[in-house]
Amino acid sequence: MQVLKHIFEQNRRWADKIKESDPDFFLKLSKQQNPEYLWIGCSDSRVPSNQIVGMLPGEIFVHRNIANLVVSSDLNCLSVIQYAVEALKVKHIIVSGHYGCGGVKAAMENKEHGLIDNWLKHIKDVYRAHKAEVDRLRDDTEKFNAMCELNVVEQVANVCNTAVVRNAWKSGQELAVHGWIYSIENGTLKDLDVCVTGLDEIPGQG
Ligand code: CO
């Protein structure tokens, strides 16, 4: 039987290293989690949420799926948002996309990919909503980059329009929704400046 021993060894070394600098780290963390951030990102192995923002266990609540989508029929993502906002009372929801996203790329192709096309359909909706803007760009890389960014902007709007987030704002809860994008080529994050902190700031609404 394959038991992936090396992974258990790596785990042991990782836990020991953390305990070296803070012997009670895991004990303290086992009593409660109190993260300030919810991260909604892509499942891509090159975009590990905790590592790229330099955060330890306990600091960030995470939901990842292909192409960091927030879909109104996705009970998994909506449950994560509900728990993060209502129970953990996170102060920030960060939707982070990344350039070179395979999900976005696949959605831009006129090819069939099987089951996953049901999911990618939501990215095609993003393209339809911004067709004129994207088609104006001549270079394929520019189009791809623009779609990766626009997908984040749309998912920020989707987060803002969930009942959970709207109700939080209605009741005066402090909550900001951010849209960021990560470059897998150089490891840096960029703020897309689409931060929303209340109902009156949701794009397209007064
Ligand atoms: Co991706």
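Leaving out neighbours within four places in sequence, Lys89 is in contact (heavy atoms within 4.5 Å) with Ala84 and Gln173. The model here is a predicted one, in which local features need pLDDT of at least 70 and side-chain atom pairs count only at pLDDT 80 or more, while totals for chains, interfaces and linings use all residues. Residues are numbered from 1 along each chain as its sequence is written, and side-chain values use heavy atoms, with hydrogens and water left out.

Lys89 sits in the loop between α4 (75-87) and β3; helices (H or I, at least four residues) and strands (E, at least two) are DSSP runs, numbered from the N terminus. With a relative accessible area of 47%, Lys89 counts as partly exposed, on a scale where buried is under 20%, exposed is over 50% and partly exposed is in between (1.4 Å probe, protein chains only). Gly58 is 31 residues away from Lys89 in sequence, and the two C-alpha atoms are 14 Å apart in space.

Next, the cobalt site. The cobalt ion takes its protein donors from Cys42 (SG), His98 (NE2) and Cys101 (SG), at 2.1 to 2.3 Å. Donors here are N, O and S atoms within 2.8 Å of the metal (3.2 Å for Na, K and Ca), and since water is not among the atoms, sites may look incomplete. Along the chain, the spacing of the donor residues reads C-x55-H-x2-C. Cys42 belongs to strand β1 (residues 37-42) and Cys101 to the loop between β3 (92-98) and α5 (102-108), so this pair ties together parts 59 residues apart in sequence. Both cysteines are buried, Cys42 at a relative accessible area of 6% and Cys101 at 2%.

As for β1 itself, 5 of its 6 residues are buried, so the strand is largely enclosed by the rest of the structure. β1 runs parallel to β2 (residues 60-65), joined by 6 bridges; strands pair if DSSP finds at least two bridges between them. Trp39 has Val62 as its bridge partner in β2. β1 also pairs with β3, again in the parallel sense, over 5 bridges, with Ile40 opposite Val95.
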